[in-house]
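Here's a quick walk through one protein chain, with the cut-offs spelled out as they come up. Have the viewer open and follow along.

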Amino acid sequence: MRLRNTVAAALGALLLSAALPTSPAAAATGDFAYTYVGLNGLNLRGELNDPNSRECINIPETVGSVLPAFAPRNFTTSTATVFLDADCDGDTYYVMEPGKRLGDRLRLRSVIFS
């Protein structure tokens with residue numbers, strides 16, 4: 001009886017592990033767009049194309065800059081959580097459903113997708 005239970009448990013564990021995804025981070029399909037201030041002082045558009053899910057992404061144009069990006073547009077299939085601080089840190093964040101556009105007043109330096 002114990003052998004049968006042990007074999008059944010091992011077989012169940014094997015089947016369960018085969019059903020789990022093999023890649024640690026799937027991609028959110030689509031584009032995440034935002035606006036940032038360029039070196040010339042003009043507002044420019046930036047994009048993240050098919051960004052990785054469950055991985056914090058610092059907005060490249062804000063690294064080393066005093067000014068954060070703004071006006072995010074989530075054209076991906078995943079929910080995006082945008083943060084005012086880099087490294088998806090801090091108490092100031094906003095959750096954006098797929099297709100959501102936010103105005104010029106919302107500032108961000110990093111984003112993570114579900």
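## Ground rules

Two strands pair if DSSP finds at least two bridges between them. Helices (H or I, at least four residues) and strands (E, at least two) are themselves DSSP runs, numbered from the N terminus.

This is a predicted model, so local features need pLDDT of at least 70 and side-chain atom pairs count only at pLDDT 80 or more, while totals for chains, interfaces and linings use all residues. Residues are numbered from 1 along each chain as its sequence is written, and side-chain values use heavy atoms, with hydrogens and water left out.

## The overall layout

The protein chain has 1 helix and 8 strands, and from the N terminus on they run α-β-β-β-β-β-β-β-β. Of its 114 residues, 32% count as buried. Here buried means under 20% relative accessible area, exposed means over 50%, and partly exposed is in between (1.4 Å probe, protein chains only).

The chain exposes about 7400 Å², and carbon and sulfur atoms supply 57% of that. Such areas come from the Shrake-Rupley method with a 1.4 Å probe; for residues, only the protein chains shown count as cover.

## β1 and its partners

Start with β1, residues 30–37. This strand is mostly covered, with 6 of its 8 residues buried. β1 pairs with β2 in the antiparallel sense over 7 bridges, and Y34 has G46 in β2 as its bridge partner. The two strands make a hairpin with 5 residues between them, and G41 in the turn shows a positive phi of about 85 degrees.

β1 also pairs with β4 (residues 69–76), again in the antiparallel sense, over 5 bridges.

## The four-stranded open sheet

Another set of 4 strands forms an open sheet in the order β3-β8-β5-β6, with antiparallel pairing. β3 and β6 stand at the edges with a single partner strand each, so one side of each lacks a neighbour in the sheet. Within this sheet, β5 and β6 pair over 4 bridges, and V82 has Y94 in β6 as its bridge partner.

## The disulfide

A disulfide is a pair of cysteine sulfur atoms within 2.5 Å, and by that rule the count comes to 1. The pair is C56 and C88, with sulfur atoms 2.2 Å apart. C56 sits in the loop between β2 (43–49) and β3 (57–58) and C88 in the loop between β5 (80–83) and β6 (93–96), so the bond ties together parts that are 32 residues apart in sequence.

The torsion about the S-S bond is about 95 degrees, so this disulfide is right-handed. Is C88 buried or exposed? C88 is buried at 18% relative accessible area, whereas C56 counts as partly exposed at 32%.

## Charges and a nonpolar patch

The structure holds 1 salt bridge, meaning a side-chain nitrogen of Lys or Arg within 4 Å of a carboxyl oxygen of Asp or Glu. R45 and E47 make it, at 3.1 Å from N to O. E47 is partly exposed, with 35% relative accessibility.

V37, V66 and L67 make a nonpolar surface patch of about 270 Å². Patches are made of residues with over 30% relative accessible area and no salt bridge, joining like charges within 9 Å and nonpolar side chains (Val, Leu, Ile, Met, Phe, Trp, Tyr) within 5 Å. V37 belongs to β1 and counts as partly exposed at 30% relative accessibility.
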